[in-house]
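Hi there,

Here is the structure I promised to pass on. Have a look at it first, and my notes follow below.

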Amino acid sequence: MKNLVTHIGGMPVPQLAKNFGTPAFIYERDVIEKRIAELKAFEVIRFAQKACSNIAILALMRKNGVVVDAVSAGEIYRALKVGYTGGGHPSGIVFTADLFDEDALQLIREHKIPVNVGSPDMITQLGKAYPGAEVTLRINPGFGHGHSRKVNTGGSYSKHGIWHTDLEECLRLGNEAGVKIQGLHMHIGSGSDYHHLSTVCDAMVKAAKRMGAPLKVISAGGGLPIPYHKEQARIDIAAYYGLWDKARKSIEREVGHPVSLEVEPGRYLVAESCSLLTQVRSVKSSGGNKFYLVDAGFDTLIRPAMYGSYHEISIAAHDGRTIGNAVDTIVAGPLCESGDVFTQEEGGVVTTRKLPEAVVGDYLILHDAGAYGAAMSSNYNTRKLAPEVMIQNGAAEIIRERQTFEAILQFERIPKTLA
Ligand code: LLP
């Protein structure tokens, strides 16, 4: 039957649940390695670690020759922890943001990390803190696309990047500040449909012509979509690469020397590798609607509540029985908030999903939870962060322990007057 599973990564679901508890994020290493291999045409694959920054995942990226992007001091710290270094070509770490904080500036200076700047003010600030820094400009070409309004990163209402007409002013600021501006970057949104890609490539070529000889690297950003719906087609990587390579070649003719081409995916490398394993704790009906209530909520996986994102859902029987019927079901979590529903569309419209008939104790799996899953989870309702587990060579190993209540409370203090 559709949406019925027994194993994840070759391991029986009840055994995984018994060993690691629920909810738990279960990653399959070979899926990540397959995705990396698919992008090998690109000279440089730079993982946007914001999608999934567990140090085991970063170590796996490093082992496979993938470099990383960091968007905060904390992400730089993670990258350093697994052995990435700044400097060199390509630099193991690049920092991308629209602003600096002091923690980030300090690490950038100390480890000679190139910066992909998203606002002109950053150029001046970087010049003061770290003269000679290598810089790429993140350009907002004036338009953008994404799977949700919340992930569209171009256009005049986007807070991201340097407005395209400010390019020359930024080059002037770079000279004044004593930093080396040598690259251009465009990330126009996440999960866009790629009919727009040639427009983005054209915008890059135009910007590159204006920049001229100092240009050494272009970055296509991230945003490569994955088929969250089973019936969706997979992105044609060869066609995607072909368009960017064509743009690169035309830029090389213009600037008169080789230009390296980076791609910066987050989701594409990790989303499909991970199943969020949950347990059905209640099966109930309200009015005509049937609900499966599971032990993960939007504290664990926020994408459906935040963007109305779709994740495929499967059921695994806890007792090996054969499940026959499929029923229209609403899948919801434990949080004291009515938006804590996994089957919803953008704008919070609750929908139903045809799922095998589960009983309390069965397991419910939310698929494609590897990108912006664990990375965006929180302690809302004082719930522990779920563990992360990696399956490789037929064995499952913990890569993040389930959090403890002590750990959640460790930085809270009761003032003396109240103790
Ligand atoms: N590069 C830059 C500069 C970005 O801002 C992003 C994502 C990426 C690369 C990676 O994008 P990806 O390949 O993963 O689509 N939380 C949302 C996605 C937010 C994306 C933010 N920036 C979600 O769950 O869909």
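I'll start at one helix end: Asn54 caps the N-terminal end of α3, with a side-chain oxygen 2.7 Å from the backbone nitrogen of Ala56. Before going on, please keep in mind that this is a predicted model, in which local features need pLDDT of at least 70 and side-chain atom pairs count only at pLDDT 80 or more, while totals for chains, interfaces and linings use all residues. Residues are numbered from 1 along each chain as its sequence is written, and side-chain values use heavy atoms, with hydrogens and water left out.

**Helix α3**

Helices (H or I, at least four residues) and strands (E, at least two) are DSSP runs, numbered from the N terminus. Helix α3 covers residues 55–63, and its buried residues (buried is under 20% relative accessible area, exposed over 50%, partly exposed in between, with a 1.4 Å probe and protein chains only) are Ile57, Leu58, Leu60 and Met61. These residues sit on the same side of α3, because they cover an arc of only 160 degrees around the axis; the arc is that of the directions from the helix axis to the C-beta atoms. After α3 comes Gly65, with a positive phi near 75 degrees.

**The largest pocket**

The largest pocket holds about 1,000 Å³ of space. It is lined by 41 residues, and the closest to its centre are Lys50, Val71, Thr153, His160 and Tyr372. For the method: on a 1 Å grid over the protein atoms alone, a pocket is an open set of points where a 1.4 Å probe fits, with protein on both sides within 12 Å along at least five of seven lines, and lining residues have an atom within 4 Å of a point. Grid points are joined across faces, edges and corners, and the volume is the space filled by probe spheres set on the points.

Which elements each supply at least two residues of the lining? They are α4 (73–81), β6 (93–97), α10 (267–270) and α11 (303–307). By class, the lining has 13 nonpolar, 16 polar and 12 charged residues. Here Ala, Val, Leu, Ile, Met, Phe, Trp, Tyr, Cys and Pro count as nonpolar, Asp, Glu, Lys and Arg as charged, and the others, Gly among them, as polar.

**Aromatic pairs**

There are 4 aromatic pairs in the structure. Rings of Phe, Tyr and Trp (its six-membered ring) pair if their centres lie within 6.5 Å; planes under 30 degrees apart count as stacked, over 60 as edge-to-face and the rest as tilted. Phe95 and Phe100 are a stacked pair, because their ring centres are 6.0 Å apart and their planes are at 15 degrees. Both Phe95 and Phe100 are buried.

Phe298 and Tyr380 are also stacked, since their centres are 5.7 Å apart and their planes at 15 degrees. Phe298 lies in the loop between β14 (289–294) and α11, and Tyr380 in the loop between β20 (363–366) and β21 (388–392), so the pair ties together parts that are 82 residues apart in sequence. Phe298 counts as buried at 13% relative accessibility, whereas Tyr380, at 35%, counts as partly exposed. Ring pairs also link Phe42, Tyr240 and Tyr241 into a cluster.

Thr22 is found in the loop between α1 (13–20) and β3 (24–28), and is buried, with a relative accessible area of 19%. Its side chain makes a polar contact with the side chain of Asp295 at 2.6 Å. A polar contact is a pair of N or O atoms within 3.5 Å; within protein, one must be able to donate a hydrogen and the other to accept it, and residues adjacent in sequence count only if both atoms are side-chain atoms.

The peptide bond from Thr22 to Pro23 is cis, with omega near -5 degrees. Another cis peptide bond joins His89 and Pro90, with omega about -5 degrees; Pro90 is in the loop between α4 and β6.

Asp368, in the loop between β20 and β21, has a positive phi near 55 degrees and counts as buried at 12% relative accessibility. Asn393 has a positive phi of about 50 degrees. Asn393 sits in the loop between β21 and β22 (395–400) and counts as exposed, at 79% relative accessibility.

Best wishes
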